Amino acid sequence: MSENDIFICDASELEEGGKGVRFPVTAGMEDTTGFIVRYGGKVYGYLNRCAHVPIELDWAEGEFFESSGLYLMCSTHGAIYDPETGRCAGGPCRGGRLRPVTVLEREGKIYWQPDDFVRPARA
């Protein structure tokens, strides 16, 4: 584990294709959130910002998947994204993609790693 890894939650909190977990971040100069979901047995992390219009995706806290459980969906305009890649799969996002956040699952816990753009939330 790197000293830069930041704890998000216990791995047991994420169910396959179920509710995601949000966590506070600073993206550029804006305080916002990132989120993680479990899909295909893996954990994926993204900045909680639609590629179409920079607003949060979830329609209720942690609700990122559309009804089939196959895609992540923006609650405002219906843009849908592949949970494994973050690429737009339909709707107004047209070729866009979600901004990935590096996540690690280790010893029953999930962590995220800051980068040059997505950093820990300001205090």
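Reply: **Salt bridges, pair by pair**

R22 is partly exposed, at 25% relative accessibility. (Buried means under 20% relative accessible area, exposed over 50%, and partly exposed in between, with a 1.4 Å probe and protein chains only.) The model is predicted: local features need pLDDT of at least 70, side-chain atom pairs count only at pLDDT 80 or more, and totals for chains, interfaces and linings use all residues. Residues are numbered from 1 along each chain as its sequence is written, and side-chain values use heavy atoms, leaving out hydrogens and water.

R22 has a charged partner. Its side chain meets that of E56 in a salt bridge, 3.1 Å from N to O. (A salt bridge is a side-chain nitrogen of Lys or Arg within 4 Å of a carboxyl oxygen of Asp or Glu.) E56 lies in the loop between β4 (42-47) and β5, and R22 in strand β2 (residues 21-27), so the pair ties together parts 34 residues apart in sequence. (Strands are DSSP runs of E, at least two residues; helices are runs of H or I, at least four; both are numbered from the N terminus.) E56 is partly exposed too, at 31%. The pair is part of a network: salt bridges that share partners join R22, E56 and D58.

Now the wider count. A search of the whole structure finds seven salt bridges.

One of them joins R106 and D5, with 2.7 Å from N to O. R106 sits in strand β8 (residues 102-106), while D5 is in the segment before β1 (6-10). The two are 101 residues apart, so this pair links distant parts of the chain. Their surroundings can be compared by accessibility. R106 is partly exposed, with a relative accessible area of 25%. D5 counts as buried, at 10%.

Another salt bridge is formed by K109 and D10. Their closest N and O atoms are 2.9 Å apart. K109 belongs to strand β9 (residues 109-113) and D10 to strand β1, so the pair ties together parts 99 residues apart in sequence. K109 is partly exposed, with a relative accessible area of 32%. D10 is also partly exposed, at 30%.

One last stop is a sheet. Three strands form an open sheet in the order β5-β6-β7, with antiparallel pairing. β5 (72-73) and β7 (88-90) stand at the edges, each with a single partner strand, so one side of each has no neighbour in the sheet. (Two strands pair if DSSP finds at least two bridges between them.) β6 (residues 80-81) pairs with β7 over two bridges. There, I80 has G90 of β7 as its bridge partner.
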